[in-house]
Amino acid sequence: MLFNLRNLLNAATLRKSSKQLVQHFRSGQPTQTNVNLKGRDLLTLQNYTAEEIKYLLWTASDLKQRIKDKGEYLPLLQGKSLAMIFEKRSTRTRLSTETGFALLGGHPCFLTTQDIHLGVNESLTDTARVLSSMTNAVLARVYKQSDLDLLAKEASIPIVNGLSDSYHPIQILADYLTLQEHYGYLKGLTISWIGDGNNVLNSILMSAAKFGMHLRVATPKGFEPDPNIVKVAEEYSKEYSTKLFFTTDPLEAASGANVLVTDTWISMGQEEEKAKRMKAFQGYQITMQTGKHAASDWTFLHCLPRKPEEVDDEVFYSPRSLAFQEAENRKWTIMAVMVSLLTDYSPQLQKPTF
């Protein structure tokens, strides 16, 4: 009888300690910051200030160090669920979100076009309200940015842009974390974009200047970024005193750059344009010859999947390529986004230099 009583007391003590541990992880320790992103949407980095984006990167760095390097258990999303809507297939977005959300104790629910047709068999308004009643957040990887905007308008939970034809904000967070880890800072770096004027470039245009980074862009004629987005980027460049340069010459864009970046030339939904695009992008492959025009410490980024015509093997598999570190950081940055939008957690570790 005494043995059983002792076991019951020990079990109760363990449950109490475990509960206190989870509560501690949820709240985190106070930090000197005025940033609070809980309940926000993440549709485009245009809607986020410099300090808010830095806070997301700080949180990502904090989680990576505490979980990966120190082996800590942080059930920050315990009891929470995430709806993942994918109109477009993905390797990194799906794996990073599913494994990251689960690692933090949450439950991700993956929905394809076989499970849910946005605005087809059910209106976006109805979908947003149903998901709001059953989950804590939605990550949507879609074609139209307007679908995300409507979801955000009608939902009562955070909506996160997992990719749209207009923007890819969670990719850029991973890019910036990768560069911060490599260089130790972001301010003053020059990024050279050599490729299509697509959603990834749009997200860089909406954010690079906020870190004090300069941007040099080369796109073929007829494949420039959206003029409205360029106009906003020019305003940011003036506000943050950075340099923004556009050309059709890849080598001119690479001149003096610390970071060479490219992406697919043919995005999902553009397959019928393949022949036209392959012809237009001749001369845009990034090679070691391109790197000779860049700064001596140049590195290479690609959000993947990569095709050899975009960047040759010599660069892609060289020590200058940060593409696989960049891919891993998709996980830590999406974890930071979810933690920041869904909890009161504050980073425990020292804020990195940006």
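Ring pairs link Phe223, Trp265, Phe281 and Tyr284 into a cluster. Rings of Phe, Tyr and Trp (its six-membered ring) pair if their centres lie within 6.5 Å; planes under 30 degrees apart count as stacked, over 60 as edge-to-face and the rest as tilted. A word on the source: this is a predicted model, where local features need pLDDT of at least 70 and side-chain atom pairs count only at pLDDT 80 or more, while totals for chains, interfaces and linings use all residues. Residues are numbered from 1 along each chain as its sequence is written, and side-chain values use heavy atoms, with hydrogens and water left out.

The structure holds 11 aromatic pairs. In one of them, Phe223 and Phe281 are tilted, with 5.2 Å from centre to centre and 55° between the planes. Where do these two sit in the chain? Phe223 is in the loop between strand 6 (214-218) and helix 8 (227-239), and Phe281 is in the loop between helix 10 (274-280) and helix 11 (288-291), 58 residues apart. Helices (H or I, at least four residues) and strands (E, at least two) are DSSP runs, numbered from the N terminus.

Now look at Trp265 and Phe281: the planes are at 15° and the centres 5.2 Å apart, so this pair is stacked.

Buried means under 20% relative accessible area, exposed over 50%, partly exposed in between (1.4 Å probe, protein chains only). Phe223 is buried as well.
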